[in-house]
Amino acid sequence: MKVRTRFAPSPTGYLHVGGIRTALFAWLVARQAKGQFILRLEDTDKKREVAGADQHLMDSLKALGLNYDEGPDIGGPHGPYRQSERLDSYKQWAQKLIDAGRAYADPYSPEEVQAFREAAQKAKKPFLYRNHRPENPPAWDGSQPLRFKSEPKAYKWHDEVMCDLSTEPEVIDDFILIKSDGYPTYNFAHIVDDAEMEISHIIRGQEFLASVPNYLNLYEALGIKPPVMATMPHIMNEQGNKKLSKRDGAKDVLDYIREGYLPETLVSFIASLGWNDGTEQEVFTAQELIEKFSLDRVGRSGAHFDERRLLWTNGHFIRAMKLDGLYEKVADYWGPEAKDADEEYKKKVLGLVQERLKYFAELPELTKFFFVDLPVDPKLISEHKQLKKLSKDELRDLLQKSRDSLAESDFTLDDLTERLNKLLEETGQKPAVLFSLIRIAITQAPSSPGLADTLAVLGKEKSQFRISTQLAAL
C-alpha cells in the first residue's frame, strides 16, 4: 500500500497536545512507510474560524519538526489544501449523489427540525431525521441544505486502535452534506478530500467514532473504498476525570516552545501519551519513534496528561545537550542581570545549573545570584528546618570560621572541596547545617548547585563579601 496520511485541523484556534498527538501519529505512520504526510485545513466553518489560526497551525507543526510533504503553504499535486478552495469539487460529488437518488434538498426550517427533535424527546425516542424525510423534496438550488439519503444497515469494521467494531442500523441517519451557505460539512468534505488526495490512513480523535457508520454508508453511496481507520482515545486532564481541552487550560504547543521546552521533549512526551513500545524505555528520539511506532500499540483507554513527567522529560533532554549547544539555545532566556556578563562566565554558570534546569524560562531565577548581590533574606534562615534551631551567636560563629578558612583558599574546586570537608570536622556540624548556611549567605536563594562549584564560579572576592554581608545582618 502507498501510505499517505493527513492532519486536517480546523483553523479555529491554537494547537494543544491532543491535536499534536493526532498529527504526530499520522506523521510517524507516513515516515515509517516512507510515504507522504499531508496538511489540509478544514476551514468550512466560517463562524468559528479565528484569524491567523491557519498560520499558527503550520508554525506549530514546523516548530516540532513535523514537516509535511503537501500543504496550503507549499502546494502539491492534490491541492488546493484548504477546503474553502475546493467547493466546486464538493458540488460535483454532491451532484453524483443527487443523480443516484442518494441526496435531497432539505425543505425544513431550523425551527421545524427543532420541533421534530423535541417531539422525539417527549416520546422518549432517539431523534432520527430520516423519520421526517420529505416525500417530494424540491430540486436543490443551493439555497437549502443538501442531505444524504441514508440506507440504514448494520456495519462491522476494523479500527487499528479500537479493533473490531460493529453497529446496528438505527445509528444511521440522513445528515447534511452541504449547508445553505454553500459550504460542505466535515462529514461530507473529509470523505471527498481523502478520496481525491489518495489518503490511505485516517487517524483522528475518539469524538468521531460514533459517526463512522454514517461515513461507511456514504462511502458505499459514493463508491469509495474506506481508508484504514485509527481512532485515538482522549487525553485526560491531570486529575484523570475528564478530557483535556482548551477550556480546562490545555496550553498552546507554541507556548511550551516559548517557555523553553525542547521540540524533542514535546515529540517524545506526546508520543508516549497512550502509546509505548512494550519496553521500559520512557524517552525517545524522533528517529527511534519512526522505527518503533505502531498503531496496534496505542492503548484504547484515555491517556493521562502529567505535567511533572513533561518537566522530567525536558530536563532529561537538557542534561543530554552539549554545553555549547545549550548556550546557543538559551541565548534569549537570560535575565537582565546577565546582559553585560562575560560569555565564558555565563557558560560556567550554565554548566552549573544545567543539571537542575527543567525549562529555559526558569534560567533567570536559577542564575540571578551569580550576576547580582541579592539582599539578605532573613526567612531563608528563620524558616530553614535545621538552621532555625541555632542561635544568632552560633550562626555567626559558623560563618566566621567559614570566612576565615575560605580566605586562605585559592578557590579551585579541589581546594574548596577539601576546605569545606575540613570545616565539617572542625565545627562538628552536618552538611545540612554548615553547607546550607554558607550557601544561603553566598546566594540568598532557596536552592543552588553544589556548594563548592558555586563558590568556584562566584570567585573569592564575591563569596567573601557576601558572607561578610550575612554576618553583618546577623
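**Legends to the close-up views**

The model is predicted, so local features need pLDDT of at least 70 and side-chain atom pairs count only at pLDDT 80 or more, whereas totals for chains, interfaces and linings use all residues. Residues are numbered from 1 along each chain as its sequence is written, and side-chain values use heavy atoms, with hydrogens and water left out.

**View 1. Overall form of the chain.** The chain holds 19 helices and eleven strands, which are DSSP runs (helices H or I, at least four residues; strands E, at least two) numbered from the N terminus. Its radius of gyration, taken over C-alpha atoms, is 31 Å, well over the 23 Å given for 474 residues by the globule rule (2.2 Å times the number of residues to the power 0.38), so the chain is more spread out than a compact globule. The C-alpha trace spans about 100 × 50 × 40 Å along its principal axes.

**View 2. Burial in the chain.** Of the 474 residues, 49% count as buried, that is, under 20% relative accessible area with a 1.4 Å probe, protein chains only.

**View 3. Crossing of helices α1 and α8.** The axes (lines fitted to C-alpha atoms over the stretch in contact, with angles from 0 to 180 degrees between N-to-C directions) of α1 (residues 17-32) and α8 (residues 263-271) come within 10 Å and cross at roughly 85 degrees. The two helices, α1 and α8, are therefore roughly perpendicular to each other, a term for angles of 65 to 115 degrees.

**View 4. Residues joining α1 and α8.** V17, I20, R21, L24 and F25 of α1 meet V267, I270 and A271 of α8.

How values were computed
Parallel < 35°, antiparallel > 145°, perpendicular 65-115°, else oblique. Contact = heavy atoms within 4.5 Å. Buried < 20%, exposed > 50% of the residue type's maximum accessible area, 1.4 Å probe, protein only.
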